[in-house]
Amino acid sequence: MPVSVNAAYRNVPGVGRVKTRAYRDWATEAALLMKLQARGSIAGAYAIHVEIDRPDKRRRDLSNMLKVLEDTIVAQGLVEDDSLCERIKMQWTDKIEGRPGPVRVWLIKTGDTDDA
């Protein structure tokens, strides 16, 4: 599961904000999975649909996981820039045996598809 943006960075005196080990570890694993499963990249505007299996009954802020997910998607070249996202759908889901992974992401090309 993506780390919360609250746990993704820490302040280092004289350096500024840096990624935490938890963020770097998650991003490394996520990047590998994205490379294995990606079906190409999207140029231009896109929409993102994210489903995350709720791991437990603790209170969690779903939207705090979006930024690290978007940044990793950009770093992997699946989209040009997260500023090009036009629509976001993100939801908690229940764990279902046999369904792939605790996190599922769909990237959908949006906007004008005419290259002329």
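**Exercise 1.** Asp25 and Arg21 lie 4 residues apart in helix α2, and are therefore separated by about one helical turn; work out which contact their side chains make.

*Solution.* The model is predicted, so that local features need pLDDT of at least 70 and side-chain atom pairs count only at pLDDT 80 or more, whereas totals for chains, interfaces and linings use all residues. Residues are numbered from 1 along each chain as its sequence is written, and side-chain values use heavy atoms, with hydrogens and water left out.

Step 1: the side chains of Asp25 and Arg21 meet in a salt bridge at 3.7 Å, N to O, the criterion being a Lys or Arg side-chain nitrogen within 4 Å of a carboxyl oxygen of Asp or Glu.

Step 2: Arg21, at 58% relative accessibility, counts as exposed, while Asp25, at 43%, counts as partly exposed (buried is under 20% relative accessible area, exposed over 50%, partly exposed in between, with a 1.4 Å probe and protein chains only).

**Exercise 2.** Determine the strand order of the open sheet formed by 3 strands, and name its edge strands.

*Solution.* Step 1: the order is β4-β3-β5, with mixed pairing (helices, H or I, have at least four residues and strands, E, at least two, as DSSP runs numbered from the N terminus; strands pair if DSSP finds at least two bridges between them).

Step 1: β4 (85-93) and β5 (103-109) are the edge strands, each pairing on one side only.

Step 2: β3, spanning residues 46-53, runs antiparallel to β5 and is joined to β5 by 7 bridges; Ala47 stands opposite Ile108 in β5.

**Exercise 3.** Identify which element gives the most to the largest nonpolar core.

*Solution.* Step 1: this core has 23 residues, and Tyr23, Trp26, Val50, Ile52, Ile73 and Met90 have the most contacts inside it (its members are buried Ala, Val, Leu, Ile, Met, Phe, Trp, Tyr and Cys residues joined through side-chain atoms within 4.5 Å).

Step 1: α2, β3, α3 (66-75) and β4 each give two or more residues to this core, and α2 gives the most, with 5 residues.
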